[in-house]
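Please take a moment with the sequence and the structure shown below, and then follow the paragraphs that come after them.

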Amino acid sequence: MTDGPTHALVRKVARSYAAYYARRGRNVSAQLAGEQLHNYVRALETSGLAVSLVEADDALPDCVFIEDTAVVWKEHALITCMHPDRQGEQAAVEGTLQYSHSLTRVPPGAALEGGDVLHTSDTTYVGTSARTNQIGAESLRSFLTQFGRRVVTLPVRNCLHLKTGVSYLGNGMLLAVPGWFDMNRFDVEDVIYTADNEVGSANCLRLYDRLLIPDGYPNTTQRLQQFASKYKICMRPLNISEFEKGDGSLTCLSLIW
Ligand code: CIR
């Protein structure tokens, strides 16, 4: 293992998480959320990553969705500016990353969340969405072009973040919800589309010879089977139901580099 990621940062679940969603009519089990995060960490470790944990902040109920707080590229990190309800989540992440990364902050006026940032082998796609504006997208472009990355901006209209609806499977392949994006904007070899009524399956996490997929989407899983067999990838379904209730998906539970 040389070129791929080696580290992940995961944030614990705030004790306020379940109550926050209960007030929004969503029945989250705090215990199950804790177990699911534990299994997620184990899956990252089994995939070859060294995982560090950031303590939760109970004043920030969504803080488990750590992906949105920063965009990490090797030993550099761009600290984002998030939805007002989530501002403040970055502080503890910065506090941890400062020992391993050089930190850059987005400029005033920028809105950017990591869920809108999708890396393929040679290009980074940034969605302009309810959470990321043009200034945020441009700040990501300046941050990544210094490392030789091509950055492409595209609109997100049908979901919270870009990666809610599309993710990179590796080997030149995307997984996407049909009809949500202009797929001509993506410079990839091919696309696998999620199955009907399984839009929650679009967010997967490829790590070396493993593909972490959300549990509970049998038809999309079946569509992925041929790709997985071709490249000898082991699919690992993870139940993340308690995070899906908070509009989260697999990638949003970690920062990876
Ligand atoms: C939010 O609305 O910001 C959180 N409840 C969910 C964030 C999910 N993040 C992600 O997919 N990257």
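Does Asn171 count as buried, partly exposed or exposed? The model in view is a predicted one, and in this model Asn171 has a relative accessibility of 31%, so the residue counts as partly exposed, given that buried means under 20% and exposed means over 50%. Asn171 sits in the loop that runs between β9 and β10 (173-176), and its phi is positive, at about 50 degrees, although the residue is not a glycine.

A positive phi is also found at Lys74, again a residue other than glycine, where the value is near 50 degrees. Lys74 belongs to the loop between β3 and β4, and because its relative accessibility is 54%, where exposed means over 50%, Lys74 counts as exposed.

From these loops we can turn to a helix. In α3, which covers residues 90-97, the buried residues are Gln90, Val93, Glu94 and Leu97. When the helix is viewed down its axis, these buried residues fall within an arc of 100 degrees, so they line one face of α3. As for what lies against them, the buried residues of α3 pack against the strands β1 (7-11), β3 (70-73), β4 (76-79), β5 (102-105) and β15 (255-256).

Two of these strands, β3 and β15, return at the largest pocket, where they are among the elements that give two or more residues to the lining. The space in this pocket comes to about 1200 Å³. Of the 31 residues that line the pocket, Pro5, Trp73, His119, Arg206 and Ile256 are the closest to its centre. Besides β3 and β15, the elements that contribute two or more lining residues are β6 (117-119), β9 (166-170) and β12 (205-207), while the largest share, four residues, comes from β3.

Tyr20 and Tyr21 are both buried, and together with Tyr17, Phe65 and Phe243 they form one aromatic cluster.

How values were computed:
Residues are numbered from 1 along each chain as its sequence is written. This is a predicted model: local features need pLDDT of at least 70, side-chain atom pairs count only at pLDDT 80 or more; totals for chains, interfaces and linings use all residues. Side-chain values use heavy atoms; hydrogens and water are left out. Buried means under 20% relative accessible area, exposed over 50%, partly exposed in between (1.4 Å probe, protein chains only). The arc is that of the directions from the helix axis to the C-beta atoms. Contact means heavy atoms within 4.5 Å. Rings of Phe, Tyr and Trp (its six-membered ring) pair if their centres lie within 6.5 Å; planes under 30 degrees apart count as stacked, over 60 as edge-to-face and the rest as tilted. On a 1 Å grid over the protein atoms alone, a cavity is a set of points where a 1.4 Å probe fits but cannot get out, and a pocket is an open set with protein on both sides within 12 Å along at least five of seven lines; lining residues have an atom within 4 Å of a point. Grid points are joined across faces, edges and corners, and a volume is the space filled by probe spheres set on the points.
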